[in-house]
Amino acid sequence: IAWSQNLTAEAAVAERVERVEKDELFRRADVLSVHLVLSPRSRGLVGAREIGLMKKSAVLVNTSRGPIVDTEAMVAALKEGRLAYAGVDVYDKEPLPIDHPLRSCPNVVMTPHIGYVTDENYHSSYPQIVENIAGFLDGKPVRVIGG
C-alpha cells in the first residue's frame, strides 16, 4: 500500500501498489517507511495523530528527513508501547545530541544519516570528490555552482 499527496491511482497501478488515503496507510501498515523530501507541506507530516493511528505492533522507519516525523510523539509512542519499533537515519538535529531521548529507547535502530551509502554511491561520488579537491587546489574548480 502507498500514499502520497501526489500519487495518482494510475501511478499506483503502474508501480503495482494499492493507493490508499493517508489515515488508512497509518492504520494498515505493518512497516511504514517514509520517503519524502522536506518541504513546508511535509514538515511534521507524521505527528502524534498519525502515530496514534498505527498498530501497536507497527514499525516506523524514517530515512528521509528528521523534521518530517514528530520525534517527541514517536519517542512517547515507543516508550508507552503504542508503537513497537522505529528505524531512524535522520534527525531534527544532527549530529544527534548525546542526551537525546531517542538514545534511551531500546526499541529503536539508529544510524548516523548514512542510509544513502551503497557501493555504487561510493564508486560514483568519491572519484568526483577527489577531482573536485584537485581542481580547487590547481585553481581550476570543477562542478562550480552559481557564478
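## The largest pocket

E1 gives the most to the lining of the largest pocket, 4 residues. This strand spans 31–34, and helix H2 (22–28) joins it in supplying at least two lining residues each. Helices (H or I, at least four residues) and strands (E, at least two) are DSSP runs, numbered from the N terminus.

The model is predicted: local features need pLDDT of at least 70, side-chain atom pairs count only at pLDDT 80 or more, and totals for chains, interfaces and linings use all residues. Residues are numbered from 1 along each chain as its sequence is written, and side-chain values use heavy atoms, without hydrogens and water.

In total, 17 residues line the pocket; Trp3, Leu25, Ser33, Val34 and His35 lie nearest its centre. By class, 13 are nonpolar, 3 polar and 1 charged. A pocket here is an open set of points on a 1 Å grid over the protein atoms alone, where a 1.4 Å probe fits, with protein on both sides within 12 Å along at least five of seven lines; lining residues have an atom within 4 Å of a point.

## Strand pairing

E1 pairs with strand E2 (residues 59–62) in the parallel sense, over 4 bridges. Pairing requires at least two DSSP bridges between the strands. Val31 stands opposite Val59 in E2. The chain crosses from E1 to E2 through helix H3 (residues 48–53), in a right-handed β-α-β crossover. Right-handed means that, with the strands pointing away from the viewer, the path from the first strand over the helix to the second runs clockwise.

E2 also pairs in the parallel sense with strand E3 (residues 85–88), over 4 bridges. Asn62 stands opposite Val88 in E3.

Definitions and conventions
Ala, Val, Leu, Ile, Met, Phe, Trp, Tyr, Cys and Pro count as nonpolar, Asp, Glu, Lys and Arg as charged, and the others, Gly among them, as polar.
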